[in-house]
Amino acid sequence: MAHQIPTDGTLLPLMEEFYTIQGEGYNTGKAAYFIRLGGCDVGCHWCDVKESWDAESHPLTHADEIVAKADTYPGRAVVITGGEPLIYNMDYLTAKLQEKKILTFIETSGAYPLSGSWDWICLSPKKFKAPRPDITPLANELKVIVFNKSDFMWAEKYAESVSPTCKLYLQPEWSKRNEVTPLIIDYVMANPKWEISLQTHKFLNIP
Ligand code: SF4
């Protein structure tokens, strides 16, 4: 039976939650509680969490329950990811986390309207479903996944629409890392406004 997901954001399809180290982007190396929500229709062919796509296969969980678990860990930051978390209303969950003095970080493709109160917005635009133009200026971090050479030009297009303080990252797509990492190294040396982001959690063998 289809999930009846209330629009107030109190119930969310939770795929998994775990305490770990943020492996990529600006917050690399920081302890954080990951909240992975099910549901995504962006359709990246190289997606490494395809199990997240079907929201129906993940149990609807009360946001209070998620916050209570996040609150048991010494690391005072959560990374809300997916799937595409902005399919859902994030206002309730993020307000409750911030009440507990837990920092709220999001990883989003930007394909859905922004909701929630965020301490850090990582925008990772995807070719398969473009980010909304109203979300790009709000990003604290632009993280472009590089799958092939043409992605550099595509990345530059988004670098023009983010704020001047937005951090810019190029990250090799994992299955292509041997091929594209040397290209990213050369690109960043020639264009130092960009930095490299690596999926260090995969090298460390942690979730
Ligand atoms: Fe996978 Fe993220 Fe792309 Fe959705 S946006 S298909 S979860 S990589």
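**Helices, cores and a buried glycine**

Tutor: Let's start with helix H3: its buried residues are Asp151, Phe152, Trp154, Ala155, Glu156, Tyr158 and Ala159. Keep in mind that this is a predicted model.

Student: What makes H3 count as largely enclosed by the rest of the structure?

Tutor: Buried means under 20% relative accessible area. Seven of the nine residues of H3 are buried, so the helix is largely enclosed by the rest of the structure.

Student: Which elements do the buried residues of H3 pack against?

Tutor: They pack against strand E7 (141-146), strand E8 (167-172), helix H4 (177-190) and strand E9 (194-196).

Student: OK, on to the nonpolar cores. Which residues have the most contacts inside the largest one?

Tutor: That core has 48 residues, and those with the most contacts inside it are Ile80, Met90, Leu93, Leu142, Leu170 and Trp194. Its largest share, five residues, comes from our friend H3, residues 151-159. There's also a second, separate core of seven residues, with Phe18, Ala32, Phe105 and Trp120 among them.

Student: What does Ile80 contact, leaving aside its neighbours within four places in sequence?

Tutor: Quite a list: its contacts include Ile35, Leu37, Pro85, Met90, Leu93, Phe105 and Trp118. Thr94 and Glu107 are in contact with Ile80 too.

Student: Now the other helices. Why are H1 and H2 called roughly parallel?

Tutor: Helix H1 (residues 63-70) and helix H2 (residues 91-99) pack at an angle of about 30 degrees, with their axes 10 Å apart. Angles under 35 degrees count as roughly parallel, and therefore H1 and H2 are roughly parallel to each other. H1 passes H2 in a right-handed crossing.

Student: Which residues make the contact between H1 and H2?

Tutor: H1 brings Ala63, Asp64, Ile66, Val67 and Ala70, while H2 brings Tyr92, Leu93, Lys96 and Leu97. They divide into seven nonpolar, no polar and two charged.

Student: Last one: how do you know whether Gly110 is buried or exposed?

Tutor: Set its value against the cut-off: buried means under 20%. Gly110 has 0% relative accessibility, so it counts as buried. You'll find Gly110 in the loop between strand E5 (103-108) and strand E6 (120-123).

Student: And what does Gly110 touch, not counting residues up to four places away in sequence?

Tutor: Gly110 touches Glu84, Leu123, Pro131, Arg132 and Ile135.

Conventions:
Residues are numbered from 1 along each chain as its sequence is written. This is a predicted model: local features need pLDDT of at least 70, side-chain atom pairs count only at pLDDT 80 or more; totals for chains, interfaces and linings use all residues. Side-chain values use heavy atoms; hydrogens and water are left out. A nonpolar core is a set of buried Ala, Val, Leu, Ile, Met, Phe, Trp, Tyr and Cys residues joined through side-chain atoms within 4.5 Å. Buried means under 20% relative accessible area, exposed over 50%, partly exposed in between (1.4 Å probe, protein chains only). Helices (H or I, at least four residues) and strands (E, at least two) are DSSP runs, numbered from the N terminus. Contact means heavy atoms within 4.5 Å. Axes are lines fitted to C-alpha atoms, for helices over the stretch in contact, and angles run from 0 to 180 degrees between N-to-C directions. Angles under 35 degrees count as roughly parallel, over 145 as roughly antiparallel, 65 to 115 as roughly perpendicular and the rest as oblique. A crossing is left-handed if the near helix is turned anticlockwise from the far one by less than a right angle, and right-handed if clockwise. Ala, Val, Leu, Ile, Met, Phe, Trp, Tyr, Cys and Pro count as nonpolar, Asp, Glu, Lys and Arg as charged, and the others, Gly among them, as polar.
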